[in-house]
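Q: I would like to learn how to read a few features of a model like this one. Could we go through them in turn?

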Amino acid sequence: MFEVKNGSFAYKTGRMILENISMKLEQGEILSVLGPNGIGKTTLLKCMLGFLKWQSGESYLNGKDLEEIPERELWKQIAYVPQAKNSSFSFSVFDMVLIGRNPHIPIYQQPGKKDIEITKQALETVGIYHMKDRLCGQLSGGELQLVLIARALATEPQLIILDEPETGLDLKNQMVVLNMIKDLVRKNNYSAIINTHYPIHALDLSDKTITLSKEGEFYFGKSEDIIDVQNMRKVFGVNVWIDEVVIEDKQYHNLIPLSVADN
Amino acid sequence: MIKLEGNKKKIFYLLLIVLPIFLAVYCIGQGRYPMTLHDVVVTLFSPFTEAQTDEKIFRTIFNMRLPRIILAMGAGAGLACAGASFQSLFANPLATPDTLGVTAGASVGAIIALLSGQNLIGVQFIALVFGVSTVLLTTFVSKVRGKSSITMLVLAGVIVSSLMSSVISILKYTADPYDDLPTITYWLMGSLAGASYSSLLLGLPLIVISVLIIFILRWRLNILSLSEDEAKSSGLNVKRIRMILIAASTMITASCVSMCGQVSWVGLLVPHMARMFCGNDNRMVIPTSISFGMMFMLIIDTVSRTLWASEIPISVLTSIIGAPFFIALLRKTGKEMA
């Protein structure tokens, strides 16, 4: 349902950051964009979304070139969840989630009953209805991330794109947020693209993974195939041990960083 | 912040409409020529009811006080609305027509137009052009590597404002000291004394239309105060809506400046009063600011023309109230702004 064909991008001054990237995501799948800091993950995300223009190559949504889809139509189908950051004006949780309805509301109108109903549902789905009157400025990072996810749900999209949703959260909140994403995608048949720099999260969460390495190479495929010892050394410059453990009849991925690789 | 729900919310909205009207009627009754509330109401409705009225009272109300009251309400509503809109547009609680330099810029335009003997349309047009140019200049100055922080924007506003003030000083210096200079000086301090139906006919529609545009787009102001990518990804045509709102807010400021000179502080003070009552949701902030703005200017103007034998300039009064309020605001929210 979402596809990138031969996308390349470079900032005005610098070298080519993304070169000839191709990838494909089906309905109901999760894709991880994996790589170390500063490698161009966020740039890739912005290019995919059309915030930045590919210098060559295109993104497709349901077979249509992204640039040819009118903005309002596009953002009914794609919802973007940025990294949790507070804005200057602190809105209530409800008002923040309501903003997700914008693509469905004509410009001269205000949100109506239906929008308020869907906003309530989104809050309930994420399990934060009880904090609808709290101010976003007074929430913890994890809570705010859930609010932004609820806002994405209020859009009723097909594809949700999340920029490092677990960054800056403690262990418990990381689990809450990641499980939430997994649940939502499985239950509602959404697709999702997630930026992360944790290989283990990519393994746990996603069907497919694309990694970016310093040499400008990229690897794309099934997560289990992509996240192996060899690629992790190339991408992160770290020697790792990867295996699976079974705890109470459940299988878990296990990834242990061993040493910094001296290539 | 006071939480309003259900019926309380309805009553609050009703008060927003009713209170300014009552206050306006009350303020018409105040002034050198004494009249009772009863006189005011009877006379105001006399064109419809054909009731017998005192000739002097009739003329005082319709020729002198009513245009001034209408101007006070229009300017108050407009400036407060423009202030609230600028705050969200720049995601900056300190952004107002004054702090962005729009008021000073529009004043330069208006003075140039006045000195070159333009009529009110000319004054308004030139004030508008200068106002828009000043906003663009301020945003340009505040951008460092494509980004503009709250502090930078305010600093840029201070710089551009003082630049415009010095242009005003030059204009004053070269102005005819017997004829033009007193006019400019007095006008710069802000006064509603010049209100007349003919000037209202030209200036008020621009304010009303611009306020309406902002009112209709008020919910989108919430979205515009988020980060650029967030706003875009909500499907909003950020560039276009932002331009429309900046144009509307600047138009209001320019119109007010050309009709009643520099009236400072209203654009900062009133929206923040509104925020204290209803939080930051612009669906509430905009109507509340409009209503509060009307009442604020009605009170200020009535005090200005009744307190002393001679009129007190509006900006003197707004500053006396505004400066302490601004200090309190900085103390309360200063931490989050840096």
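This is a predicted model: local features need pLDDT of at least 70, side-chain atom pairs count only at pLDDT 80 or more; totals for chains, interfaces and linings use all residues.

Q: Is strand 8 of chain A enclosed or open, and why?

A: Count its buried residues. In strand 8 (residues 191–196) of chain A, 6 of the 6 residues are buried, so the strand is largely enclosed by the rest of the structure. A:S191, A:I193 and A:N195 point one way, A:A192, A:I194 and A:T196 point the other way, and all are buried.

Q: Which strands pair with strand 8 of chain A, and in what sense?

A: Strand 3 (residues 30–34) of chain A pairs with strand 8 in the parallel sense over 5 bridges; there, A:I30 has A:A192 as its bridge partner. Strand 7 (residues 159–162) of chain A also pairs with strand 8 in the parallel sense, over 4 bridges, and A:L162 stands opposite A:I194. From strand 7 the chain crosses through helix 6 (residues 171–188) of chain A to strand 8, a right-handed β-α-β crossover.

Q: Which residues of the largest nonpolar core touch the most other members?

A: In soluble globular proteins, nonpolar side chains tend to be buried together. Here the largest nonpolar core has 162 residues, and A:V97, A:V147, A:A150, A:I161, B:C81 and B:A127 touch the most other members. Helix 3 (residues 55–89) of chain B gives the most to this core, with 14 residues. Beyond its neighbours within four places in sequence, A:V97 is in contact with residues including A:L123, A:V147 and A:A150.

Q: How many residues does each chain bring to the contact?

A: Chain B brings 24 residues and chain A brings 21 residues. On the side of chain B that touches chain A, helix 9 (218–224) and helix 10 (228–232) of chain B each supply at least two residues. The residues of that side divide into 8 nonpolar, 11 polar and 5 charged.

Key. Residues are numbered from 1 along each chain as its sequence is written. Chains are lettered from A and ligands numbered from 1 in the order in which they are written. A nonpolar core is a set of buried Ala, Val, Leu, Ile, Met, Phe, Trp, Tyr and Cys residues joined through C-beta atoms within 7 Å. A residue is buried if 20 or more other C-beta atoms lie within 10 Å of its own, exposed if 12 or fewer, and partly exposed in between; C-beta atoms are placed from the backbone. Two residues are in contact if their C-beta atoms, placed from the backbone, lie within 7 Å. Ala, Val, Leu, Ile, Met, Phe, Trp, Tyr, Cys and Pro count as nonpolar, Asp, Glu, Lys and Arg as charged, and the others, Gly among them, as polar. Two strands pair if DSSP finds at least two bridges between them. A crossover is right-handed if, with the strands pointing away from the viewer, the path from the first strand over the helix to the second runs clockwise.
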